[in-house]
Amino acid sequence: MKVSRRNFLKLSGSAFMLSMLGIDLDSIMAYAQGLRTVGAKEIISHCRYCSVGCGLIAHTSKGKVINIEGDPENPISRGALCAKGAGLIQLLYNPLRLTKPKYRAPGATGWKEVEWDWALDEIARRIKTTRDRTFKLSSKGFIVNRTDGIFCNGSLTLGNEETIMHLKLMYALGLVYFDDKSRM
Ligand code: SF4
């Protein structure tokens, strides 16, 4: 149900009246919450976004994840999820999620959608050019595998293991400037 501002005010007023009458809204809310997942399959898992590893419960129905929430029985997180974990389902179904690369040319004000092949070739070419141009020299004058000409920002949607692989690739390329939300 879409709740308009007007309906929201009406609902808030009703909730206030019920609580004034001594009706336990917490139990009603808990019951209503449970109705969302009636008949769904429950899968115990954990959040992949950082090393805390908060526990979660995923509910699936007809082959689709319909709900993800904190697992109250998990000894680490006891039902809590931070904003990233609480939004996990968005990784699957958010219609605003980008599925193709976008490119903004130097000096341009807008982004344009480009093909993966073009984007990957372009990234590889620019990394190679920048590394060749900015490799450091050792104290003895040898070129070493270190560049401060490139900074890499990891992705919020990478899991722990993917981030480790990503980080190792960046180190192998000689980068020293790298950041990612999985460091927490
Ligand atoms: S990202 Fe948040 S919910 Fe996920 S494991 Fe880390 S602290 Fe927990």
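Me: In what order do the 3 strands of the open sheet lie, and which kind of pairing do they show?

Reply: Strands of a sheet pair through backbone hydrogen bonds, in either a parallel or an antiparallel sense. Here the order is β6-β7-β8, and the pairing is mixed. β6 (135-137) and β8 (175-179) are the edge strands with a single partner strand each, so one side of each has no neighbour in the sheet. Strands (E, at least two residues) and helices (H or I, at least four) are DSSP runs numbered from the N terminus, and two strands pair if DSSP finds at least two bridges between them. This is a predicted model, in which local features need pLDDT of at least 70 and side-chain atom pairs count only at pLDDT 80 or more, while totals for chains, interfaces and linings use all residues. Residues are numbered from 1 along each chain as its sequence is written.

Me: In which sense do strand β7 and β8 pair?

Reply: β7 (residues 143-153) and β8 are joined in the parallel sense by 4 bridges. N153 has D179 of β8 as its bridge partner. Helix α5 (residues 116-134) packs on this sheet and touches β6 and β7, its direction making about 130° with that of β7. Contact requires C-beta atoms, placed from the backbone, within 7 Å; axes are lines fitted to C-alpha atoms, for helices over the stretch in contact, with angles from 0 to 180 degrees between N-to-C directions.

Me: Is T129 counted as buried or exposed?

Reply: T129 lies in helix α5. T129 has 11 C-beta neighbours inside 10 Å and therefore counts as exposed. The scale is 20 or more other C-beta atoms within 10 Å for buried, 12 or fewer for exposed, and partly exposed in between, with C-beta atoms placed from the backbone. The C-alpha atoms of T129 and Y177 are 17 Å apart, although 48 residues separate the two along the chain.

Me: How many bridges join strand β2 to strand β3?

Reply: The antiparallel strands β2 (residues 55-61) and β3 (residues 64-70) are joined by 6 bridges. S61 faces K64 in β3. The two strands form a hairpin with 2 residues between them, and K62 in the turn has a positive phi of about 50°.

Me: Which residues surround the ligand?

Reply: The surrounding residues are C47, Y49, C50, V52, G53, C54, S77, L81, C82, K84 and G85. A residue is near a molecule if its C-beta atom, placed from the backbone, lies within 6 Å of it.

Terms used
Two residues are in contact if their C-beta atoms, placed from the backbone, lie within 7 Å.
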